[in-house]
Amino acid sequence: MRKRTLFRLAAGTVAAGVATLAYASLVERNMFTLRRYDVPVLPADAEPLRVLHLSDLHMMPGQRRKQDWVASLAALDPDLVVVTGDNMAHPDAVPGVLRALQPLLDFPGAFVFGSNDYTGPVWKNPFTYFLPDREYTEGAALPYEELRDVFTGAGWADLNNARTTVKAGGREVELVGVDDPHIERDDYAAVAGPASGSAELAIALAHSPEPAVLDQMAADGFGLLLAGHTHGGQVCVPGYGALVTNCGLPRSMARGLHRWPGSDSWLHVSAGLGTHPTAPVRFACPPEASILTLIPR
């Protein structure tokens with residue numbers, strides 16, 4: 001009797017594990033979700049401005065469902081499109097990325113790159129994400145310059161350690177960004193300085209939301225900080241949240257909109273639209289894009 005009970009318990013545990021894995025890899029990974037947030041960062045009496053924030057597509061050839069869903073976001077008619085990196089996951093991914101983003105290139109936009117725009121993914125033991133000092137391993141080189149040329153050719157601002165002003169929604173928006181802090185390509189010192197005040201809004205971009213970088217951006221008066229990288233934890237525990245963020249950000253801020261501590265700035269972290277191709281699962285953390293409606297403070 002006891003052996004039968006243990007056997008049934010073990011069999012039930014295995015069946016539940018298989019069902020959970022099937023759901024995470026076949027269902028939730030493709031449950032593309034649009035998040036909506038109101039962000040009070042504009043001056044009094046200003047008209048709302050809509051920012052579409054995309055991140056972490058991790059595009060592989062043939063992911064047409066993802067491409068079609070992202071392309072459909074053009075119907076939202078955003079005032080500004082912001083992409084915070086990790087667009088590719090394969091050397092032949094550029095056509096898929098462009099199929100997804102082409103309809104959005106007609107809108108004002110800005111971008112920074114992430115580590116997986118420069119080099120492709122390699123297999124990793126998922127448990128190493130719990131190690132804060134794990135070694136970063138590079139994969140095959142990716143055609144990031146080809147992607148950069150398309151983005152800048154469409155008029156999008158390249159904010160990899162750069163600063164500029166763009167017109168969006170009929171007003172001036174000051175932008176600053178850094179290359180990916182996760183692989184130490186960031187150089188905020190080269191573009192640091194207080195937001196000018198002449199623009200109606202100041203937005204800062206980074207792929208990995210490293211607190212040391214975000215602190216400087218907030219101190220310079222950039223009212224909205226945008227990042228990705230965390231995948232929202234990718235595999236979360238209901239009622240507990242993300243297990244890891246893969247950066248210095250606290251787990252409680254792994255995704256969504258948060259007030260940045262010690263400042264008047266807001267941070268939005270996108271949980272992203274893709275996964276690492278060697279871990280194609282999501283649980284309690286569906287892939288997402290966000291439309292941020294910026295409103296008066």
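Student: What makes you say that helix H6 lies across strands?
Tutor: In this predicted model, H6 (residues 211-219) lies across strand E7 (171-177), strand E8 (201-205), strand E9 (224-227) and E13. Contact means heavy atoms within 4.5 Å. H6 runs at about 155° to E9, where axes are lines fitted to C-alpha atoms, for helices over the stretch in contact, and angles run from 0 to 180 degrees between N-to-C directions. Helices (H or I, at least four residues) and strands (E, at least two) are DSSP runs, numbered from the N terminus.

Student: How do you know that E12 and strand E13 pair?
Tutor: Two strands pair if DSSP finds at least two bridges between them. Four bridges join E12 to E13 (residues 266-269), so the two count as paired, and they run antiparallel. Glycine 256 stands opposite valine 269 in E13.

Student: Why is E12 called an edge strand?
Tutor: The open sheet has six strands in the order E6-E7-E8-E9-E13-E12, with mixed pairing. Strand E6 (162-168) and strand E12 (256-259) each pair on one side only, so they are its edge strands.

Student: What makes a set of residues a nonpolar core?
Tutor: The set holds buried (under 20% relative accessible area, 1.4 Å probe, protein chains only) Ala, Val, Leu, Ile, Met, Phe, Trp, Tyr and Cys residues joined through side-chain atoms within 4.5 Å. The largest one has 31 residues, and Leu273 is among those with the most contacts inside it. Helix H3 gives the largest share, five residues.

Tutor: Residues are numbered from 1 along each chain as its sequence is written. Local features need pLDDT of at least 70, side-chain atom pairs count only at pLDDT 80 or more, totals for chains, interfaces and linings use all residues, and side-chain values use heavy atoms, with hydrogens and water left out.

Conventions: Buried means under 20% relative accessible area, exposed over 50%, partly exposed in between (1.4 Å probe, protein chains only).
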